[in-house]
Amino acid sequence: MSDPTIPLIVSSDVHRQERIPPHQAQTRKWPILHMGPTPRFNRTSWIFQIFGLVESRWQCTYDEFLALPRVRVLADMHCVTRWSKLDNVWEGVSTRTILDRVKVDPRARFVMVHCEYGFSTNLPLAEFLGEDCLFAWKHNDQDLEPDHGYPLRLVIPRLYAWKSAKWVRGIELVETDRPGFWESWENGGYHMHGDPWTEERFRPR
Ligand SMILES: Nc1nc2c(c(=O)[nH]1)N[C@H]1C(S)=C(S)[C@@H](COP(=O)(O)O)O[C@H]1N2
Ligand SMILES: [Mo]
C-alpha cells in the first residue's frame, strides 16, 4: 500500500476540460513500447549519475536513490503512436529533488537523459523541472514491471511519452540542445520538444 505521508502532486493536465490531446485515443490497457531488449537489473553495479554542466559530478547507488524524499504524481500519459493512458499514479523522486544534489552551471539549458543500451532523449531543463516530473519505480502502488522501466524510469507527463525514458541511468546538463535517440533523423526525427497539445510529433524539416 502507499505511504500516506508521501505528498501527491496532480499534473495540471489532469484539470483540463479535454483530457485527450488531438488525434489521440484513450486506452485502458498499458501498451509496452520501446526499442531493443528489456535490460536486466543488477542492483550492486547500478549507479545513477548527474554530469555535464554541474560544478561537480554526482552519483548514487540504487539504495541511495530509494532513500531520497519521495513524491507521488497523478498524471496522464500520451504516446506519439496515438494512445493515451489516463490517471496514472507514479511514485518516486521528483526531478527537482535530484537536481538539488548538484550545483547547476547557469549556462545549462537542456537535459540529455541517458539510459541502458545507449538510449537517450533530450528535453529543455525547464520542462525536466516541471513540478509533475519524477524518476519513478512504482505505478499505481506496484513496482514497475521491467518492461515498463524498472528499476527506474523518468516521467515527464506533459510531453509525449517517448521523453519518459525507461531504465534511466543518468542525466547530462548541456547548453545546446542535441537530438536523443528518437529525435535523431536516422530514427524518425521525433520532435526536440514534443508537446502533445500542439502535436509536436516530428522535427520540422
Ligand atoms: N529506454 C527507453 N525508454 C523509452 C522508450 C525506448 O524505446 N527506450 N520508448 C518510449 C516510448 S515511445 C513510450 S510511448 C514510452 C512507453 O512506456 P511504456 O512501455 O511503459 O508504456 O516509453 C518511452 N521510454
Ligand atoms: Mo511512444
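Guide: In what follows, Ala, Val, Leu, Ile, Met, Phe, Trp, Tyr, Cys and Pro count as nonpolar, Asp, Glu, Lys and Arg as charged, and the others, Gly among them, as polar. The model discussed here is predicted.

Visitor: How do the residues of the lining of the largest cavity divide into nonpolar, polar and charged?
Guide: The lining includes Asp76 and Arg153, along with Leu154, Val155 and Ile156. Asp and Arg count as charged, whereas Leu, Val and Ile count as nonpolar. For the whole lining, the division is eight nonpolar, two polar and two charged.

Visitor: What volume does the largest cavity have?
Guide: The structure holds one cavity of 30 Å³ or more. The volume of the largest cavity is about 50 Å³.

Visitor: Which elements give two or more residues to the lining of the largest cavity?
Guide: Asp76, Met77 and His78 are among the lining residues, as are Arg153, Leu154 and Val155. The elements that give two or more residues are β5 (71–78) and β11 (153–155).

Visitor: Which space does ligand 1 take?
Guide: The largest pocket has a volume of about 420 Å³. Of the 24 residues that line this pocket, the closest to its centre are Leu33, His34, Ala161, Trp162 and Trp182. By class, the pocket lining has 17 nonpolar, four polar and three charged residues. The space taken by ligand 1 is the largest pocket.

Visitor: Which residues are the closest to ligand 1?
Guide: The shell around the ligand has 14 nonpolar, three polar and two charged residues. In total, 19 residues surround ligand 1, and the closest are Pro31, Met35, His148, Arg153 and Lys166.

Visitor: How far is an oxygen atom of ligand 1 from an N or O atom in the side chain of Arg153?
Guide: A polar contact is a pair of N or O atoms within 3.5 Å. An oxygen atom of the ligand meets this cut-off with a side-chain N or O atom of Trp30, at 2.9 Å. With a polar backbone atom of Pro31, a ligand oxygen is at 2.7 Å. For the side chain of Arg153, the distance is 2.7 Å.

Visitor: What share of the area that ligand 1 exposes when taken alone does the protein bury?
Guide: Taken alone, ligand 1 exposes 530 Å². The share of this area that the protein buries is 98%.

Visitor: Is the peptide bond from Tyr150 to Pro151 cis or trans?
Guide: Most peptide bonds are trans. Pro151 lies in the loop between β10 (142–143) and β11. The bond from Tyr150 to Pro151 has omega near 20°, and is cis.

Visitor: What is the phi of His23?
Guide: Most residues other than glycine have a negative phi. His23 lies in the loop between β1 (8–10) and β2 (25–26). Although His23 is not a glycine, its phi is positive, about 60°.

Technical notes:
Residues are numbered from 1 along each chain as its sequence is written. Chains are lettered from A and ligands numbered from 1 in the order in which they are written. This is a predicted model: local features need pLDDT of at least 70, side-chain atom pairs count only at pLDDT 80 or more; totals for chains, interfaces and linings use all residues. Side-chain values use heavy atoms; hydrogens and water are left out. A residue is near a molecule or strand if one of its heavy atoms lies within 4 Å of it. A polar contact is a pair of N or O atoms within 3.5 Å; within protein, one must be able to donate a hydrogen and the other to accept it, and residues adjacent in sequence count only if both atoms are side-chain atoms. Accessible areas come from the Shrake-Rupley method with a 1.4 Å probe; for residues, only the protein chains shown count as cover. On a 1 Å grid over the protein atoms alone, a cavity is a set of points where a 1.4 Å probe fits but cannot get out, and a pocket is an open set with protein on both sides within 12 Å along at least five of seven lines; lining residues have an atom within 4 Å of a point. A molecule sits in a cavity or pocket if more than half of its atoms lie within 2 Å of its grid points. Grid points are joined across faces, edges and corners, and a volume is the space filled by probe spheres set on the points. Helices (H or I, at least four residues) and strands (E, at least two) are DSSP runs, numbered from the N terminus.
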